[in-house]
Amino acid sequence: MPNGSDPVTADHPAADHPAAADRLPLRRRLLPVIALLLLAPWAAECSWGGFAIDDFLPVLIFLGPMYGGAAILIREAARHLGAGWPTIVLLAAAFGVLQAGLVDQSLFNPDFLDDTQYADTRAAAEATLVPGLEFSLRQAFDYVGNHIVLTICAPIVLIESLLGPKRRLRPWLGWPGLAVVGVLYLLGSLLIFSNINDDKGFLANPLQLIFAALLVLALVATALLPRWRRPHPRRTRRAPHPLWVGLPVVLVRLGSDLTPGWAGVAIALGLAAAVGGLIAYWSSGSGWGQRHVLVAGTAGLVTAAAFAYLVPPYSPASPAAALAGDVAVTVVTVALVGAAWWRLRRASPTVHVGAS
């Protein structure tokens, strides 16, 4: 293992020395929180071309409390528990179901995209309707998957990679700060629910709401299992070069649209499960480090930014505004990922973050 680092203390923040982080000035302790608050909504809605450049600021203002608040709460919950990325991914999935099933209810509303430039996707979505619950499994995969990859995981891994090893896996907020973020998240979610309900005039039926709520509770309960907080010994096998870790993640994005209908959903789910298992296998090796985590966590963001030039924004925009937005997405994505990579290379990190 490089430089003799201890994977147990590296994977579990509780084993670090808390005094070092507590001595930091307030502005330095809050900087990553504010950065995550702003980055999460941008990654969720702008990074793939969903908005033209003149809509970036409104997205950060109106969606920041909901998306950013969720990303902060999920990250802090995992780090306070001393848990790793399985907990973050499971909580991100719970947030995705909560958002699409209970807050904006896009998962159950067949008319949700009818007033956007994605109205033509309705037929493809209806090809995979789940009987009884009347939601599209294709849309569920896209909505929840994008929240896992773009809204939660990519922003968290970017901000953590830009921090030093001593602060990377430690909590940033105490209970008062978490309470403030929790209230901010609830208010942001209520605002979005109210606005969309007034605009769309849609409310999911009781069976759909109960199904979504139970699924959220099941994912949260799984995320909080003690097994994710237990240190696991490193295996002697070496991890591949960090850049190779991103290739399977890109393949999931490319392969998920190979064919429509149930066959396409089966391929997408199979690819996602296989890549998740492969990354878990790689991350249990002794050579797995933060650069691997950075590539695995941002490959989806980089792919989304690359495809931004090929998709229209939700609302019609001038060609100049749409192109400016796509170029801005490229610049921001390259700058963030490049800065995080440079930071890790410069610090020569040996922090290991395994699958469990």
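Me: A crossing is left-handed if the near helix is turned anticlockwise from the far one by less than a right angle, and right-handed if clockwise. Which hand has the crossing of α4 and α7?
Reply: This is a predicted model, in which local features need pLDDT of at least 70 and side-chain atom pairs pLDDT 80 or more, while totals for chains, interfaces and linings use all residues. Residues are numbered from 1 along each chain as its sequence is written, and side-chain values use heavy atoms, without hydrogens and water. The axes of α4 (residues 56–81) and α7 come within 10 Å, at roughly 65°, as lines fitted to C-alpha atoms over the stretch in contact, with angles from 0 to 180 degrees between N-to-C directions. The hand of the α4 and α7 crossing is right-handed.

Me: Which residues of α7 meet α4?
Reply: Contact means heavy atoms within 4.5 Å. From α4 come Tyr67, Ala70, Ala71, Ile74, Arg75 and Arg79; their partners in α7 are His147, Thr151, Ile152, Ile156 and Glu160.

Me: Is glutamine 105, with its positive phi, buried or exposed?
Reply: Most residues other than glycine have a negative phi. Glutamine 105, in the loop between α5 (85–103) and α6 (122–126), has phi near 55°. Because its relative accessibility is 3%, glutamine 105 counts as buried.

Me: What is the accessibility class of glutamate 134?
Reply: Glutamate 134 is found in the loop between α6 and α7. Its phi is also positive, about 55°. Because its relative accessibility is 43%, glutamate 134 counts as partly exposed.

Me: What separates the C-alpha atoms of valine 334 and valine 302?
Reply: Valine 334 is found in helix α14 (residues 319–347) and is exposed, with a relative accessible area of 56%. Valine 302 is 32 residues apart from valine 334 along the chain, and their C-alpha atoms are separated by 8.0 Å.

Definitions and conventions: Helices (H or I, at least four residues) and strands (E, at least two) are DSSP runs, numbered from the N terminus. Buried means under 20% relative accessible area, exposed over 50%, partly exposed in between (1.4 Å probe, protein chains only).
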